[in-house]
Amino acid sequence: MGEIPATMPGRGAWRWRVRTLLGSQRAVVAGDERIVTAVVPVEHLAAACAAVAGLGTTLLTMVGTDDRRDQGSYGLHYVFSGGPDLPLISVRCAVPPADPGFPSVTPLLPAANWYEREVRDLLGLVPRGHPDPRRLVFHDDWPRGYHPLRKDVDGSLRPEPVAERPFPFQHVHGEGISEVPVGPLHAGIIEPGHFRFSVIGERIVHLEARLFYVHRGIEKLCEGLPVDQALEIVERICGVCTLAHSVAYCQAVEAIGKVEVPPRALALRTVLLELERLYNHVGEVGNICAGVGLAAGTMAGARLKDKLQRLAERLTGSRYLRGFARPGGLRFDLDDRALLDCGQTIRAVGLEFAALGTLLLGTASLMRRMEAIGIVPRAAALDLGAVGVTARASGIPRDIRLAHPYASYRAFPPAMILEEDGDVRARFLVRVREARDSVRLILTLLEAMPAGEIWTPLGEPAAGVPALGWTESPRGEHVHWLRLAPGGLVDRLRVRAASYCNWPLVPLSAPGTMIPDFPLINKSFELCYSCLDR
């Protein structure tokens with residue numbers, strides 16, 4: 001491997017860096033200011049990904065594609081983030097249909113674990129050497145050999161279920177150890193997830209979580225649809241971060257079409273993205289209080305969240321901000337009266353939340369209850385690619401609003417809010433401080449709101465050229481990888497939500513705590529089943 005000068009800055013140098021780094025892997029490197037793509041032989045995939053990760057990058061997403069009609073092969077795309085103001089790096093390889101296997105990257109890069117298990121289920125590409133060969137998305141009654149993201153599979157047909165086989169859970173053996181299964185159906189209104197605790201008394205020694213119970217096939221549903229119709233499906237991936245998903249998708253479409261979104265549309269997108277972050281953070285602070293039985297905090301969080309969601313409905317017609325964003329900008333403008341309403345409501349809620357924060361942070365019993373439980377060590381968070389509040393509470397400065405600014409975040413950056421302990425208390429503190437920062441950002445943006453158009457018409461988008469869009473949702477970064485077919489129809493959409501990265505950390509945070517701690521630990525991550533079951 002050639003020596004890489006440490007002083008070579010900027011975007012242009014990164015293409016040279018990647019070409020030099022991967023020269024021994026016979027890589028073909030090309031790219032522009034947004035993304036550098038290295039095409040490597042499949043047998044060199046793991047080594048190439050490890051080399052790119054060695055540059056200090058993080059795995060942003062991984063995508064499998066069925067390219068047999070056009071290229072005679074399947075495709076794998078591992079996309080890495082190089083940090084602020086640097087391009088993304090995509091390591092791509094072709095997988096032959098006659099031998100649909102590839103060397104697993106997971107032993108070298110643990111963050112690739114779920115991606116590779118998922119691509120085996122949905123596309124039938126086998127990650128050889130993967131440390132966990134069990135199914136991920138598919139459950140026990142899915143037929144063998146059925147891979148719905150292959151182009152020759154009709155997504156409108158429901159596969160016939162087969163006889164269920166017991167899932168090979170990991171069992172812990174030893175004197176005094178017993179298992180406590182919880183779920184997949186729960187007493188509350190949460191979605192299905194199965195948690196299997198191995199315990200001694202009430203102390204947890206091991207936890208295994210099994211998810212993906214209600215897979216909806218959203219990525220398959222989007223295939224062949226015009227971009228506007230696919231957006232209606234994307235907006236319904238999740239009710240918590242509707243706008244974060246829709247804006248990420250719109251940004252991918254805009255990147256393909258090289259569309260310049262008007263400044264006013266970018267500013268309004270940013271205001272409502274921060275509103276979405278704010279009402280979720282405020283509500284989650286209340287939910288954490290529910291986990292310890294602190295009714296005053298629970299009710300106050302729910303009341304303030306409802307005020308903010310009623311504001312969202314007044315502004316957009318939807319409590320969940322549906323129908324506002326579209327490729328090229330926005331569907332409609334917000335007039336001066338709406339912006340005045342927004343500013344007045346945010347100021348009022350900001351003051352109330354500040355008072356609530358002072359009350360909660362001064363409640364010693366609440367603070368002590370959250371200390372030293374649900375700890376995510378910084379090393380584990382780095383290895384598994386933690387994002388959002390979970391990463392920042394473990395001391396990792398990862399926020400895609402700062403790493404790759406979009407909308408109006410370059411001119412109006414958020415604060416980087418960090419804690420070091422990685423426990424429930426740290427995640428609570430980050431969320432409280434980020435809610436306050438969202439109030440600041442919204443009010444600043446409203447003061448500086450530009451005039452002008454809110455939409456740029458889309459031209460004929462390029463077919464076969466993949467692009468990415470991303471947002472920092474309340475839970476962390478959402479990444480949408482999109483490729484269009486001729487006529488502007490969706491060829492492949494891959495949605496990677498923040499919860500996809502953070503769910504694997506939950507079982508790691510439980511050992512050593514008590515079973516009664518787990519509801520509080522789980523709430524502190526604010527994870528979504530729906531984003532997984534896309």
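## A serine in helix H16

Ser 499 is part of helix H16, which spans residues 498–502; helices here are DSSP runs of H or I with at least four residues, strands are runs of E with at least two, and both are numbered from the N terminus. With a relative accessible area of 0%, Ser 499 is buried (buried means under 20% relative accessible area, exposed over 50% and partly exposed in between, with a 1.4 Å probe and protein chains only). Leaving aside residues up to four places away in sequence, Ser 499 touches Arg 475, Leu 527, Cys 528 and Leu 532, where contact means heavy atoms within 4.5 Å.

## Basis of the values

The model is predicted: local features need pLDDT of at least 70 and side-chain atom pairs count only at pLDDT 80 or more, whereas totals for chains, interfaces and linings use all residues. Residues are numbered from 1 along each chain as its sequence is written, and side-chain values use heavy atoms, with hydrogens and water left out.

## Helix H18

Helix H18 covers residues 518–525, and six of its eight residues are buried. These are Phe 518, Leu 520, Ile 521, Asn 522, Ser 524 and Phe 525. Glu 526 follows H18 and has a positive phi, near 50°.

## Salt bridges

Side chains of opposite charge can pair when their charged atoms come close. The whole structure contains 41 salt bridges, each defined as a side-chain nitrogen of Lys or Arg within 4 Å of a carboxyl oxygen of Asp or Glu.

In one of them, Arg 128 pairs with Asp 99, with the closest N and O atoms 2.4 Å apart. Arg 128 belongs to strand S7 (residues 126–128) and Asp 99 to the loop between strands S5 (88–95) and S6 (101–103), so this pair ties together parts 29 residues apart in sequence. Arg 128 is partly exposed at 44% relative accessibility, and Asp 99 is partly exposed at 38%.

## Buried charged pairs

Arg 534 and Glu 118 form a salt bridge with an N to O distance of 2.5 Å. Because Arg 534 lies in the segment after helix H19 (529–532) and Glu 118 in helix H4 (residues 113–123), the pair ties together parts 416 residues apart in sequence. Both residues, Arg 534 and Glu 118, are buried.

Glu 472 and Arg 392 also form a salt bridge, their closest N and O atoms being 3.0 Å apart. Glu 472 is in strand S13 (residues 467–473) and Arg 392 in helix H13 (residues 388–393), 80 residues apart. Salt bridges with shared partners join Glu 274, Arg 277, Arg 392, Asp 399, Arg 401, Glu 434 and Glu 472 into one network. Within this pair, Glu 472 is buried at 5% relative accessible area, and Arg 392 is buried at 1%.
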